[in-house]
Amino acid sequence: MPDLVPVTPPSSSAAGTQTTRDRIMPGALRIDGLSLKIAGKTLVNIGRLTLDPRSVTVIMGPNGAGKSLLLRLVHGLIAPTQGWISWGEVACGEATRSTQAMVFQKPVLLRRSVAANIDFVLRLRAGTSAQRKARCEELLTRVGLLGQADQPARLLSGGEQQRLALARALATRPKVLLLDEATASLDPASVQMIEQIVLASSTDETKVIFVTHDIGQARRLADDVAFLHHGELVEHRPAEAFFVQPSSEAAKAYLAGRIVL
Ligand SMILES: Nc1ncnc2c1ncn2[C@@H]1O[C@H](COP(=O)(O)OP(=O)(O)OP(=O)(O)O)[C@@H](O)[C@H]1O
């Protein structure tokens, strides 16, 4: 296990010194001896996992495999019972969370206009109102919602709401973008748009970790696949190898469409 430096909140880093953001990249995500137990039951148990900082990692596995819990652990929304998660030299926690963004299956939006939802996030960062406006327009253009900027967010369709949630996540210029079944209830056109935005984002120095049940989607997006079963990591391989020749019986059965218990 490498020495992990104490985390410095981004706001307190002096000019000219490395910020938490700088120290996260280009380091990999490393998980070591990670376990999560609730009420005496082990729900996540991952010995070691290292993820490339620039790939799109897809996390797959049957229902209840621990995919969402793993994402929440990585995002620091829940604390592990044991073990470490680190980005580069930095232990994951409060400070790394501000360099990450997570998109959930059900978009969580403010009861304000589309643009105000983005502006809310932009206000947490430095910048003039003209800069915020320009950045807001850039983000809304990127997700195809500029025409609805002044509309109440709650009037958007499900797919549009999810694109707004994605734009809001991208507003933070995250080093790591975590998506938990973000397209699960959307139609094919919305799925395609979100996949395109995600793929384009992953080239901008943003690591993407995408949880999905959809094998076709995993094939389209993944550079590498981590397959979970009963809270354990049963394999982590480059996507080509995983889809052609999965090494675990659970992944073979899952890809063949058989029921995996
Ligand atoms: N707060 C909690 N307390 C107790 N058990 C929990 C809690 N959260 C999740 N679990 C259990 O942990 C297991 C893994 O849950 P998780 O949501 O991570 O699965 P998943 O792989 O994302 O499943 P799905 O594909 O159905 O969303 C499940 O059996 C779930 O019931």
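**Close-up 1. Buried residues of helix α5 in the predicted model.** Cys136, Leu139 and Leu140 are the buried residues of α5, in a model that is predicted. These residues lie on the same side of α5, because they cover an arc of only 95° around the axis. Residues three or four places apart in an α-helix point the same way, since there are 3.6 residues a turn. The packing partners of the buried residues of α5 are α4 (114-122) and α6 (158-171).

**Close-up 2. Exposed face and extent of helix α5.** Ala130, Gln131 and Ala134 are exposed, on the face of α5 turned away from its buried side. The helix comprises residues 129-142, 14 residues in all. From first C-alpha to last, α5 reaches 20 Å, close to the 20 Å expected at 1.5 Å a residue. Gly144 follows α5 and has a positive phi, near 70°.

Close-up 3. Strand β8 (residues 207-211) is largely enclosed by the rest of the structure, because five of its five residues are buried. Lys207, Ile209 and Val211 are buried on one side, while Val208 and Phe210 are buried on the other. Side chains in a regular strand alternate between the two faces of the sheet.

**Close-up 4. Strands paired with β8.** Strand β3 (residues 56-60) pairs with β8 in the parallel sense over four bridges. Within this pairing, Val56 has Val208 of β8 as its bridge partner. Strand β7 (residues 176-180) also pairs with β8 in the parallel sense, over five bridges. Here the bridge partner of Leu179 is Phe210 in β8.

Terms used
Residues are numbered from 1 along each chain as its sequence is written. This is a predicted model: local features need pLDDT of at least 70, side-chain atom pairs count only at pLDDT 80 or more; totals for chains, interfaces and linings use all residues. Helices (H or I, at least four residues) and strands (E, at least two) are DSSP runs, numbered from the N terminus. The expected span of a helix is 1.5 Å times one less than its number of residues. A residue is buried if 20 or more other C-beta atoms lie within 10 Å of its own, exposed if 12 or fewer, and partly exposed in between; C-beta atoms are placed from the backbone. The arc is that of the directions from the helix axis to the C-beta atoms. Two residues are in contact if their C-beta atoms, placed from the backbone, lie within 7 Å. Two strands pair if DSSP finds at least two bridges between them.
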